[in-house]
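This report describes selected strand pairings, ring contacts and charged side-chain contacts. Please consult the sequence and the structure shown here while reading.

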Amino acid sequence: MLPALRDIIARHGLAARKSLGQHFLLDENLTAKIARQAGDLAGRHVVEVGPGPGGLTRALLATDAASVTAVEIDTRACAAIRELQTAYPDRLRLIEADALRTDLTTLVPPPRQIVANLPYNAGSPMLVRWLHQAAAWERLTLMFQLEVAERICAEPGSGAYGRLSVLAQLTCETEIMIRIPPSAFTPPPKVFSAVVGFIPRPTQPEPTLLTAIERVTAAAFGQRRKMLRGALRGLGGQALLDQAAIDGERRAETLTLAEFSRLAELVSLP
């Protein structure tokens, strides 16, 4: 029988560090529920980022996943995962690295998925990187602060709609699957969290188009109170909008995914 997670935390001095955005999930019923959101993992190679003491790791190993690869930067957590490895020597692998600086697609063969409770301070930049590689993943099941999750899944016209909404929804079908209260974590954060499911679309934007979409959305939402003709001045302003047949008096949050794609196509032209 595996030792209790609280014993693991005590043995390895694994108090959550604010600098690493750590909040640990110790409820086994909840970690099992999160693992189930990834669907049938039979034969899948799962990458988990930031496993901490290994609560979600254990839940993933309890599925029929072919392998679980844990990517962890915290040396204390790495020691905890190595202890777990003794129980699963053939299915659990530890990569001691910064996930933001690691190409996760090189770690496991397809079919591959990411399932992770992401550190609050790095979740968004990690997601943006993985969206550029969406075609390489079968599915992503990721936990964020609820506010970030709502931005990812927001519809045009809403106050939460922004850069992450456009990037995520152009590359994936997205859905908030579970909302989790602060009391579920150790230590409790000040905000609710949510698990978001991402299923990559069969057809992905070309890399150059996705890069252009990042430029357009950064400009448009960077000054979201401005009309588009002002916010996009550095990319062509009214002339660009005229080419795309978009009213320059509109604001960024009113544009559809198709309209952002049209602007990006024009920006990416040589």
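Glutamate 249 is partly exposed, with a relative accessible area of 45%; buried means under 20% relative accessible area, exposed over 50%, and partly exposed in between, computed with a 1.4 Å probe on protein chains only. The structure is a predicted model in which local features need pLDDT of at least 70 and side-chain atom pairs count only at pLDDT 80 or more, whereas totals for chains, interfaces and linings use all residues. Residues are numbered from 1 along each chain as its sequence is written, and side-chain values use heavy atoms, with hydrogens and water left out.

**Salt bridges**

Glutamate 249 forms a salt bridge with arginine 229, a term that denotes a side-chain nitrogen of Lys or Arg within 4 Å of a carboxyl oxygen of Asp or Glu. Arginine 229 is partly exposed, at 37% relative accessibility. Because glutamate 249 lies in the loop between helix H10 (237-243) and helix H11 (257-267) and arginine 229 lies in helix H9 (residues 228-231), the pair ties together parts that are 20 residues apart in sequence. Helices (H or I, at least four residues) and strands (E, at least two) are DSSP runs, numbered from the N terminus.

The count of salt bridges comes to nine. The following table lists some of them.

| Glutamate 249 | Arginine 229 | 3.7 Å |

Arginine 151 and glutamate 147 both belong to helix H6 (residues 146-153), where they are four residues apart, about one turn of the helix. Glutamate 147 is exposed, at 53% relative accessibility, and arginine 151 is partly exposed, at 29%.

**Strand S6 and its partners**

Strand S6 (residues 139-145) is largely enclosed by the rest of the structure, because five of its seven residues are buried. Strands S5 (residues 112-117) and S6 run parallel and are joined by five bridges; two strands pair if DSSP finds at least two bridges between them. The chain passes from S5 through helix H5 (residues 123-131) to S6 in a right-handed β-α-β crossover, meaning that, with the strands pointing away from the viewer, the path from the first strand over the helix to the second runs clockwise.

S6 also pairs with strand S9 (residues 193-200), in the antiparallel sense and over six bridges. Here glutamine 145 stands opposite serine 193 in S9.

**Aromatic rings**

Three aromatic pairs are found in the whole structure; rings of Phe, Tyr and Trp (its six-membered ring) pair if their centres lie within 6.5 Å, and planes under 30 degrees apart count as stacked, over 60 as edge-to-face and the rest as tilted. Phenylalanine 144 and phenylalanine 198 form an edge-to-face pair, 6.3 Å centre to centre with 65 degrees between the planes. Since phenylalanine 144 lies in strand S6 and phenylalanine 198 in strand S9, the pair ties together parts that are 54 residues apart in sequence. Phenylalanine 144 and phenylalanine 198 are both buried. Tyr161, Phe221 and Phe260 form one aromatic cluster.

Finally, the charged end of arginine 112 sits over the ring of tryptophan 137, 5.8 Å from its centre; this contact requires NZ of Lys or CZ of Arg within 6 Å of the ring centre and within 35 degrees of the ring normal.
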